[in-house]
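Biologist: I have a structure open and would like to go through it with you. Can you put it up first?

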Amino acid sequence: MAITVTDPRPIERAEEILTPKALAFVEELHKRFAGTRNELLAARGIKRQRVAETGKLDFLPETQDVRDGDWKVAEAPEALQDRRVEMTGPASPAKMAINALNSGAKVWLADLEDASTPTWSNVIDSILNLRDAATGSLSYTSPDGKEYTLRTDAPLAVVVARPRGWHLPEKHLLIDGEPAVGALVDFGLHFFHVAKQLVLNGQGPYYYLPKMESHLEARLWNEVFVYAQDFLGLGQGTIRATVLIETIPAAFEMDEILYELRDHASGLNAGRWDYLFSIIKYFRDAGEEFVLPDRASVVMTAPFMRAYTELLVKTCHQRGAFAMGGMAAVIPNRRHPEVTEAAFAKVRADKTREANDGFDGSWVAHPDLVPTCREVFDAVLGDPEKGGRPNQLDKQRPEVSVTADQLLDIASADGQVTEGGLRLNLYVAVAYTAVWLSGNGAVAIHNLMEDAATAEISRSQVWQQIRNKSVLADTGNTVTRELVERILGEETERLRTEFGDEAFRRYYKPASDLIADICLSEDYTDFLTTPAYELVD
């Protein structure tokens, strides 16, 4: 097995990350684990096809003993006991990393996945920034001379890094001529360069694990962790991982996922937007009863979403793991006070529901929302400076009993499929993809912080509506390829007028072409980011 770097210097100081020893470690990870990863990805498709034919998913009979067993995950380290506010965002550029660390949040989800375009320069810059953050040397000076440095007047957010999902490749690192596994590249470079320093800092290498569909995929991560800790001579359990339950099959395996990672598990997160995407993807050809209404109509109080979040809290607390709430996508706009006021109100309501349900903390996408989220959880937990509890692990939910039918009760969601929703889906899908192609994976669109998940929902709904010949409630039109082509053309032209010819030519036209290809294709594309990745450097 041989490793090749196609571009050894995508940014200044890249050689500090792409060292021979670090690359040898990444190569060894592939030698040991890439084969199993490939087998698990193949198993996803087989299971999906079986489920599509029946329209049914259920809890696994072969793991009933795990669900019935009396076991708990390892106790959380001190640095992760209090997670009442988690700031999310990419680890590149340095300015954004510094702002996240300084935000006042307890945790920063340093995202190398959905909020980051995996250009080679972004990947290496992210690892470099996380290493500099661990050593306390991270800084940035803007072109106009403004300096950004890590605060010393209050604690920095604890870093929890999110590597790419198992499905994504890394074309700039070749293993025997084939693209490397993006997840192993992200984890391997981060762990090799940062783990020991984090331990010296009184923390540790902590991770968010995305997009998993089964406990066997969690088992593979656990095997990676065991090997990596032995490799660097760190004690088993030094690594801690929080798993995003953001796919519908994973919702049926929460206990099993925690069990596989139990020595390294920290909790589960309700990744709500990817969860909706997964439902559409999994049941896209299973009939009209699985067609969701307009994206904006699907709220967290919908019965099938309540079943998902309540099961997550119950499962986590029964096992001694943290239950982390999802992203509130609304963001403030400092130029428009009325938008900011509405954003704060929506975030407060969303976080209040989560805190009252027993979640131990939740996500925000903007530093200005950190105080609002903190106030809500302080009201339930108490002020940490005045003896409040750090979490709600003691809040068990024995009254919660969730069935497979409740998790799959998509038809109970209020709302309709409308032409306005179809138009918005096409606009957002193109607008987000264009910005992603430009190298930025997190972007504000109409005062919502969008990442890859919302673009995935948007384009998947369009594909599903064509497939099911959905009738639009506001116009009476049937969703056809011809209707989608027309509306896509209109929304693409609208984006041209909004962003100008140069940006349109470089990013928006290629984005529109890609969205047309995947929405109008007879075959469904599992991840928008897979073909989009071929269009970036």
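Biologist: Which glycine follows helix 14, and what is its phi like?
Modeller: Glycine 439 follows helix 14, and its phi is positive, near 110°. Before going on: this is a predicted model, where local features need pLDDT of at least 70, side-chain atom pairs count only at pLDDT 80 or more, and totals for chains, interfaces and linings use all residues. Residues are numbered from 1 along each chain as its sequence is written, and side-chain values use heavy atoms, with hydrogens and water left out.

Biologist: What counts as a helix here?
Modeller: Helices (H or I, at least four residues) and strands (E, at least two) are DSSP runs, numbered from the N terminus.

Biologist: Is helix 14 mostly covered or exposed?
Modeller: Mostly covered: 16 of the 19 residues in helix 14 are buried (under 20% relative accessible area, with exposed over 50% and partly exposed in between, using a 1.4 Å probe and protein chains only).

Biologist: New topic. Which residues have the most contacts inside the largest nonpolar core?
Modeller: Trp108, Phe187, Phe191, Trp221, Ile245 and Phe304, in a core of 128 residues. A nonpolar core is a set of buried Ala, Val, Leu, Ile, Met, Phe, Trp, Tyr and Cys residues joined through side-chain atoms within 4.5 Å.

Biologist: Which helix gives the most to this core?
Modeller: Helix 1, residues 20-54, with 9 residues.

Biologist: And what does phenylalanine 304 touch?
Modeller: Leaving out residues up to four places away in sequence, the contacts of phenylalanine 304 include Leu276, Ile279, Leu292 and Ile410. Contact means heavy atoms within 4.5 Å.

Biologist: On to pockets. How much space lies in the largest pocket?
Modeller: About 960 Å³. A pocket, on a 1 Å grid over the protein atoms alone, is an open set of points where a 1.4 Å probe fits, with protein on both sides within 12 Å along at least five of seven lines; lining residues have an atom within 4 Å of a point.

Biologist: How much space lies in the second largest pocket?
Modeller: About 730 Å³. The second largest pocket is lined by 29 residues, and Trp273, Ala296, Val330, Lys346 and Leu448 are the closest to its centre.

Biologist: Which helix gives the most to that lining?
Modeller: Helix 11, with 8 residues. Helix 14 comes back here too, as one of the elements that each supply at least two residues of the lining of the second largest pocket.

Methods. Grid points are joined across faces, edges and corners, and a volume is the space filled by probe spheres set on the points.
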